[in-house]
Amino acid sequence: MAAAAAEVPNRRVILKRYVTGFPSEDDMEAVAGATHLVVAPGSTAVVLKNLYLSCDPYMRGRMSKHERPSYVPDIVPGEVIVGFGVSKVVASGHPDLKVGDLVWGLTGWEEYTLVPDARSLFKISHSEMPLSYYTGVLGMPGLTAYVGLCEVAKAKKGDSVFVSAASGAVGQIAGQLAKLTGCYVVGSAGSDEKVNLLKTKFGFDDGFNYKKEQDLNAALRRYFPEGIDIYFENVGGAMLDAALLNMRVHGRIAMCGMISEYNLEQPQGARNLSSLIVKRVRMEGFVVSDYFGEYRRFEEDMVGYLKGGKIAYIEDVAEGLEKAPVALIGLFTGRNVGKQLVAVARE
Ligand SMILES: NC(=O)c1ccc[n+]([C@@H]2O[C@H](COP(=O)([O-])OP(=O)(O)OC[C@H]3O[C@@H](n4cnc5c(N)ncnc54)[C@H](OP(=O)(O)O)[C@@H]3O)[C@@H](O)[C@H]2O)c1
């Protein structure tokens with residue numbers, strides 16, 4: 001029987017307990033394990049060798065216990081942490097995936113993952129690109145920026161666009177796509193180093209360090225004296241309130257994320273919502289998985305932009321599975337510069 005083949009060691013990172021408040025390294029644990037690199041006869045499962053794992057802010061939400069189910073299920077203590085990653089197929093019963101194929105999609109924080117339902121995987125069409133890019137600019141965060149800006153915010157030439165968490169995985173791409181569309185683009189970020197990247201590497205028109213601003217409303221008025229057409233919202237909290245006050249008539253707010261609130265027991269709430277009425281602003285939340293059907297078009301466009309030097313990209317790579325917890329936690333203090341990922345094995 002093929003299963004007699006190999007049992008291989010499989011280190012994994014599990015959730016130790018449900019997280020409340022700010023996550024700590026101690027909420028997760030790297031443990032030893034073992035697995036067989038085979039699938040059951042007749043099944044359409046695949047076994048993946050994980051190469052790169054993605055650290056994404058939404059994962060924090062999966063680590064708490066929810067009374068009512070969220071749009072993604074909770075991770076149960078004792079179980080391996082689930083997230084997006086880039087992997088190589090090492091065993092397959094699936095008709096469309098063969099051993100050696102490279103994929104990105106939902107996998108586990110471990111060396112090898114058995115994926116029973118391969119519908120959550122996308123085959124990588126451009127293996128000539130750095131494979132790690134499929135955790136970011138060519139994967140879920142890149143698609144988020146693309147659909148958030150083009151389809152939700154409906155960016156057009158001449159729009160004034162504000163992006164928060166602008167140097168991060170989603171923000172750096174959203175801002176650059178807005179520039180390619182012919183918009184005026186300003187970003188906020190949490191350090192002078194990041195603001196410098198916005199202006200020198202990503203081609204934003206301007207940027208500011210929100211941690212140095214006493215009054216965010218005044219800061220936005222300074223950069224957008226005639227108001228904001230599009231706010232690409234990544235952080236929530238005080239920045240959302242300030243942006244609401246600075247929107248132009250018929251402005252659009254693409255509600256992508258609210259990272260400042262992910263570790264709060266009680267949401268902070270927005271106070272300036274009446275601006276939506278006065279300025280006739282459309283504020284719309286979106287979840288990228290609703291747009292996975294557009295992935296192939298996005299992938300081709302983005303590969304073209306990268307190859308043509310039209311989009312620059314910065315990633316922050318933690319080396320080794322054991323570094324995954326600290327890398328994930330760092331998203332909530334702004335420790336990452338660019339897209340945070342973890343290299344587990346290199347091709
Ligand atoms: N809707 C969707 O389908 C979807 C998909 C992907 C991501 N998202 C959301 O998009 C946002 C950005 O995600 P990402 O993957 O690109 O992460 P990221 O920007 O690469 O990393 C998170 C960044 O958020 C900033 N931050 C952390 N705590 C903050 C706080 N209290 N106040 C203000 N800023 C804070 C930090 O940057 P600074 O140093 O600049 O503060 C940190 O580096 C998140 O809200 C995420 O949940 C949504």
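The model is a predicted one, in which local features need pLDDT of at least 70 and side-chain atom pairs count only at pLDDT 80 or more, while totals for chains, interfaces and linings use all residues. Residues are numbered from 1 along each chain as its sequence is written.

Let us start inside. The largest nonpolar core has 104 residues; such a core is a set of buried Ala, Val, Leu, Ile, Met, Phe, Trp, Tyr and Cys residues joined through C-beta atoms within 7 Å. Buried here stands for 20 or more other C-beta atoms within 10 Å of a residue's own, exposed for 12 or fewer, and partly exposed for anything in between, with C-beta atoms placed from the backbone. The members that touch the most others are Leu149, Phe232, Ala243 and Val342. Helix H2 (residues 140-152) gives the most to this core, with 7 residues; helices (H or I, at least four residues) and strands (E, at least two) are DSSP runs numbered from the N terminus. At least three core residues come from each of domain 1 (2-136 + 315-343) and domain 2 (140-289), whose bounds come from an automatic or database domain assignment.

Leaving aside residues up to four places away in sequence, Ala243 touches Phe162, Leu220, Ile228 and Tyr231, where contact requires C-beta atoms, placed from the backbone, to lie within 7 Å. Ala243 is also one of the buried residues of H6, together with Met239, Leu240, Ala242 and Leu244. These buried residues pack against E10, strand E11 (184-189), H5, strand E13 (228-233), strand E14 (247-255) and H7.

The axes of helix H5 (residues 216-223) and helix H6 (residues 237-245) come within 8 Å and cross at roughly 45 degrees. Axes are lines fitted to C-alpha atoms, for helices over the stretch in contact, and angles run from 0 to 180 degrees between N-to-C directions. The contact is made by Leu216, Asn217 and Leu220 of H5 and Ala238, Met239, Ala242, Ala243 and Leu245 of H6.

Finally, visit two loops. Lys154, in the loop between H2 and strand E10 (160-163), has a positive phi of about 50 degrees although it is not a glycine. Lys154 is partly exposed, with 14 other C-beta atoms within 10 Å. Arg280, in the loop between helix H7 (274-278) and strand E15 (282-285), also is not a glycine and has a positive phi of about 55 degrees. Arg280 is exposed, with 12 other C-beta atoms within 10 Å.

Terms used
Contact = placed C-beta atoms within 7 Å.
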